[in-house]
Amino acid sequence: DKDAVRISAFMGNKYFILDFLWKQTPKDAKSVLDAFSGGANVAYFYKRKGLKVVANDKLMYPHMIARALVENSTTTLTDEEIEGLFAAAPDAGDFCAKTFHGYYFTKPILAFLDVAWANARRLKGYKRDLALAALGWTVVNKAKFGEFSRSKKALRGPVQNVGRETSLTNIPLSDFQHRFRVNLARINRLVF
């Protein structure tokens with residue numbers, strides 16, 4: 001079905017049953033509620049089918065995805081706003097770099113996450129949602145960077161090889177930033 005667009009690949013997502021869901025939908029339906037939207041695959045599918053969609057999730061990140069791609073129909077990020085996400089941010093802090101060093105990604109990537117987060121938070125409304133949804137996609141992009149469920153520290157201990165690193169720890173910052181740019185372009189294309 002041309003309307004089946006995979007927005008995210010959350011565990012347990014319903015992308016693969018969209019055709020089944022559509023067949024179960026009453027033909028005279030004009031709206032749908034996706035109360036636990038997760039990655040927004042179902043809500044976005046029904047939006048593409050022309051139904052009025054109400055989507056939400058208790059978790060903030062899925063809520064932002066739904067706002068960015070289901071509620072939002074016109075707002076995208078400009079080239080200048082995208083470049084602003086990569087700009088130096090002296091007030092970014094070091095939460096990611098301090099909290100997650102030794103678990104996921106290199107120090108330069110963690111420092112970049114602090115900067116990108118700070119810059120995205122300066123955006124308003126749907127623009128912020130779009131930027132943060134794309135940043136989240138970049139962080140969990142399994143196809144490019146390997147398994148996210150393991151960390152370097154998770155592999156330490158008496159049974160495992162001490163200090164063995166996963167594929168997550170050796171990603172060049174430039175590759176990570178490129179993947180973020182790809183996801184920013186993708187999220188802009190998904191807005192309608």
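Buried residues are those with under 20% relative accessible area, exposed residues those with over 50%, and partly exposed residues those in between (1.4 Å probe, protein chains only). The model is predicted, so that local features need pLDDT of at least 70 and side-chain atom pairs count only at pLDDT 80 or more, while totals for chains, interfaces and linings use all residues. Residues are numbered from 1 along each chain as its sequence is written, and side-chain values use heavy atoms, with hydrogens and water left out.

Figure 1. Helix 2 is largely enclosed by the rest of the structure, because seven of its eight residues are buried. The buried residues are Asn41, Val42, Ala43, Tyr44, Phe45, Tyr46 and Lys47. The cover over these residues includes helix 1 (18–24), helix 3 (60–71) and helix 9 (173–190), together with strand 1 and strand 2. Helices (H or I, at least four residues) and strands (E, at least two) are DSSP runs, numbered from the N terminus.

**Figure 2. The parallel pair of strand 1 and strand 2.** Strand 1 (residues 31–34) and strand 2 (residues 52–55) run parallel and are joined by four bridges. Two strands are taken to pair if DSSP finds at least two bridges between them. Asp34 has Ala55 of strand 2 as its bridge partner.

**Figure 3. Backbone at the two ends of helix 2.** Ala40 lies in the loop between strand 1 and helix 2. Although Ala40 is not a glycine, its phi is positive, at about 75°. Most residues other than glycine have a negative phi. Ala40 counts as buried because its relative accessibility is 0%. Gly50, which follows helix 2, also has a positive phi, near 95°.

**Figure 4. Salt bridges of Asp3.** A salt bridge is a side-chain nitrogen of Lys or Arg within 4 Å of a carboxyl oxygen of Asp or Glu, and by this rule the count comes to 10. Asp3 forms a salt bridge with Lys2 (3.5 Å, N to O). Lys2 is exposed, with a relative accessible area of 68%, whereas Asp3 counts as buried at 7% relative accessibility. The side chain of Asp3 also meets that of Arg48 in a salt bridge (3.5 Å, N to O). This second pair links distant parts of the chain, since Asp3 lies in the segment before helix 1 and Arg48 in helix 2, 45 residues apart. Arg48 is partly exposed, with a relative accessible area of 30%.

Figure 5. The side chains of Arg67 and Glu71 meet in a salt bridge (3.5 Å, N to O). Both residues belong to helix 3 and stand four residues apart, about one turn of the helix. Arg67 is partly exposed, with a relative accessible area of 22%, and Glu71 is likewise partly exposed, at 47%. Elsewhere, salt bridges that share partners join Asp1, Lys2, Asp3, Arg48 and Lys49 into one network.

**Figure 6. A nonpolar surface patch.** Phe16, Ile17 and Phe20 form a nonpolar patch on the surface, with about 340 Å² of accessible area together. Phe20 is placed in helix 1. Patches are made of residues with over 30% relative accessible area and no salt bridge; like charges are joined within 9 Å, and nonpolar side chains (Val, Leu, Ile, Met, Phe, Trp, Tyr) within 5 Å. Accessible areas come from the Shrake-Rupley method with a 1.4 Å probe, and for residues only the protein chains shown count as cover.

Figure 7. Asn183, in helix 9, is buried, with a relative accessible area of 5%. Leaving aside neighbours within four places in sequence, Asn183 is in contact (heavy atoms within 4.5 Å) with Ala134, Trp137, Thr138 and Asn141. Lys127 is found in helix 7 (residues 125–139). With neighbours within four places in sequence again left aside, Lys127 is in contact with Thr75, Thr76, Leu77, Thr78 and Glu81. The C-alpha atoms of Lys127 and Asn188 are separated by 9.9 Å, at 61 residues apart along the chain.
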